[in-house]
Amino acid sequence: MSKLTTTLAMLALSASAMAQTPTFELNTKKLGAPVQKTMYGIFFEDINYAADGGLYGELVKNRSFEFPNAFTGWVPFGKFEVRNDGPFDKNPHYVRLGNSGHNDKYSGLENEGFFGIGYEQGAEYRFSVWARVPNGGEAKFRVMLCNPSTQGERQQFSEATVSVSGQDWKKYEVVLKSNQTVDKGTLRIMLSRGSQSVDLEHVSLFPKDTYKGHENGMRKDLAQALEDLHPGVFRFPGGCIVEGTDLGTRYQWKNSVGPVENRPLNENRWHYTFDYRFFPDYYQSYGLGFFEYFQLSEEIGAEPLPVVSVGLSCEFQNGSERSDRHVDVDALQPYIDDVLDLIEFANGDPAKNKWAKLRADMGHPAPFNLKYVAIGNEQWGKIYPENLKPFVDQVRKKYPEIRIIGSSGPNSEGKDFEELWPEMRKMKVDLVDEHFYRPESWFLASGPRYDNYDRKGPKVFAGEYACHGRGKKWNHFEAALLEAAFMTGVERNADVVEMATYAPLFAHIDGWQWRPDLIWFDNLRSFRSCSYYVQQLFAHNKGSNVLPLTWNGKPVEGIEGQLGLFASSVYEKSDNSIILKVVNTSEKEQRINVNLNGLKKGAYAATLTTYTADNMDGENTLDEPTKYVPTTSPLTVNAPALPLTVGAKSFVMVKIQK
Ligand code: AHR
């Protein structure tokens, strides 16, 4: 080939490469739909030991001896007896420790915690117990933080003695300091030598340093991970546990408020939902209850969003036809009253309403400003709309300002979904909750999902979603990348989608039932998954308004020859910035030209954030918690042109200071 032909061929090649360089048109002047403050948020459910054994700071399992086997979680020794005439009517059981009659035979109890108790060197722990001396006078017992598997001489590494006096039940407290770090420790209680009998109830141990220092508080690293998300909304308490396997085991918020000692135990359906991940000691203490959920929402700056039972116990387990596990419409009033009372608990005047007064008595006289309530979780079939209607009528009548969320069933499309949406429209609910746990292919194809949604009907709450990878991959980077791709479509359609919450949230490494999950933990450590960092990038950069962004006149949503590229853009009024998010799901690096239309010519300070991984199956772990995190560097943008190189399988975000 001659030199001239080679040059011509090269020119032709680069011209075709030029022609193929995607050129995005970003209109920086035309503010589109406002992005709701609630947009990216948190879904909380006590699954995977997310509450008891997780976020809830309590370290003692079965602290009130109310599990069906009173000693689940405990090893009693010596002379002991379970009794049931204790001081708390909803948790009547307690333990009597008696003198064995021999100085060297001890009576006591040892608690195993949740997969062990995690103790940190230098940290303090608040032990508390309700106790009395049944025969009057004084009794003494020792409290010990132990490491039963130590190779050292002594199992106990911190100890205190508690003196109990008199026949009346009283609360006793002592603070113990740990001088070592132990991930699977125990709490041991031993009647002191020569002591007479003692009765013990509600045996509790909390780290002193809880999130925001609340005594009935939350584990700090886990709550901090929630705060760090900057969530717009906090949905609680689930999930399927709202519905119950039967009506008696549904989540009843009234049982979760008031003194913790008298909140009755409920079973946790996740203890048996999957027989191949079976956890017979999984119960709900309700120590983390509705007051704590509202308070946490306030402290992390998220709108509270409670989900309540619609009188249908879990339809997966009981079917969607009426049965004795579903409430008939004419018997629904107590369920509806629970919702009306909940609104009073959250927002009412303590001088006028007993539930509002309870809120004040629990330490929050000011209202929680509840604005949303979801009625029913994953419901479907004919009876859901029948049951929902009287709830909607009564809530609307009494609290027209409350926004009601209805369900579209467990699937992102299909018969139930198609049937429910028109019903929700007819009922004029404000938002419809959509759930999608879907494979990679679904996320790749769903960029345009919300482009053609009805703009006039109810808004969308994408209440549970996660990319479930094929094969044995779970919280790997690629799943997070595809979630990011999909989320650009959510963001572009902010006039339809008002909020979106990834699910589930937490998982104990030794006690999970469901994966992937956003945040993983053991007794001492935690890590944030790749999906967490995607959620965080979107939540921190959600903007205040959508900006129109097109490629060849179409939204950038990864379809029809769009080279696996997904993109969205927003304007943030608080700091006058333009934010562009681009996700390249392809195997190839992509060069893109972005025309920043409407932006004055000149140099602008900007930042470039990149989230990528050397291995698509790679994930963060307890040992390498920050292996895959986004990186940010400064950038100067010479407007109106913004040439961008987006690596293969990467998420890139540019934030331009106007
Ligand atoms: O997030 C786990 C479960 O998935 C939720 O409890 C339920 O709503 C859905 O089926």
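Predicted model: local features only at pLDDT ≥ 70, side-chain atom pairs only at ≥ 80, totals over all residues.
**Figure 1. The largest pocket and the residues that line it**. The space in the largest pocket amounts to about 500 Å³. Its lining comprises 29 residues, and those nearest the centre are Gln36, Lys37, Gly232, Gly301 and Lys542. By residue class, the lining of this pocket consists of nine nonpolar, eleven polar and nine charged residues.

**Figure 2. Elements and domains around the largest pocket**. At least two lining residues come from each of α3 (290–300), β17 (303–308) and α11 (530–540). The largest share, three residues, is supplied by α3. Domain 1 (20–34 + 546–657) and domain 2 (40–57 + 211–301 + 308–542) each contribute at least three residues to the lining of the largest pocket.

**Figure 3. The second largest pocket, with lining residues from domain 2 and domain 3**. This pocket has a volume of about 420 Å³. It is lined by 23 residues, among which Gly118, Glu120, Pro207, Arg219 and Asn523 are the closest to its centre. Two or more lining residues are given by each of β7 (117–119), β8 (124–132) and α2 (220–227). The lining of the second largest pocket divides into eight nonpolar, six polar and nine charged residues. At least three of the lining residues belong to domain 2 (40–57 + 211–301 + 308–542), and at least three to domain 3 (74–207).

**Figure 4. The largest cavity, with lining residues from domain 2 and domain 3**. Of the 21 residues in its lining, Asn62, Arg63, Phe67, Leu265 and Ser285 lie nearest the centre. Eight nonpolar, six polar and seven charged residues make up the lining of the largest cavity. Both domain 2 (40–57 + 211–301 + 308–542) and domain 3 (74–207) provide at least three residues to this lining.

**Figure 5. The second largest cavity and its lining**. The volume of the second largest cavity is about 110 Å³. The residues around this cavity are Val242, Arg250, Tyr251, Gln252, Trp253, Phe290, Val307, Val308, Ser309, Tyr335, Asp338 and Val339. Two or more of the lining residues come from each of β17 and α5 (333–347), and α5 gives the largest share, three residues. The lining of the second largest cavity comprises eight nonpolar, two polar and two charged residues.

Definitions and conventions
Residues numbered from 1 in each chain as written. Heavy atoms only, no water. 1 Å grid on protein atoms, 1.4 Å probe; cavity = no way out; pocket = protein on both sides within 12 Å on 5 of 7 lines; lining within 4 Å. Points joined across faces, edges and corners; volume = space filled by probe spheres on them. Helix = DSSP H or I, 4+ residues; strand = E, 2+ residues; numbered from the N terminus. Nonpolar A, V, L, I, M, F, W, Y, C, P; charged D, E, K, R; others polar. Domains from an automatic or database assignment.
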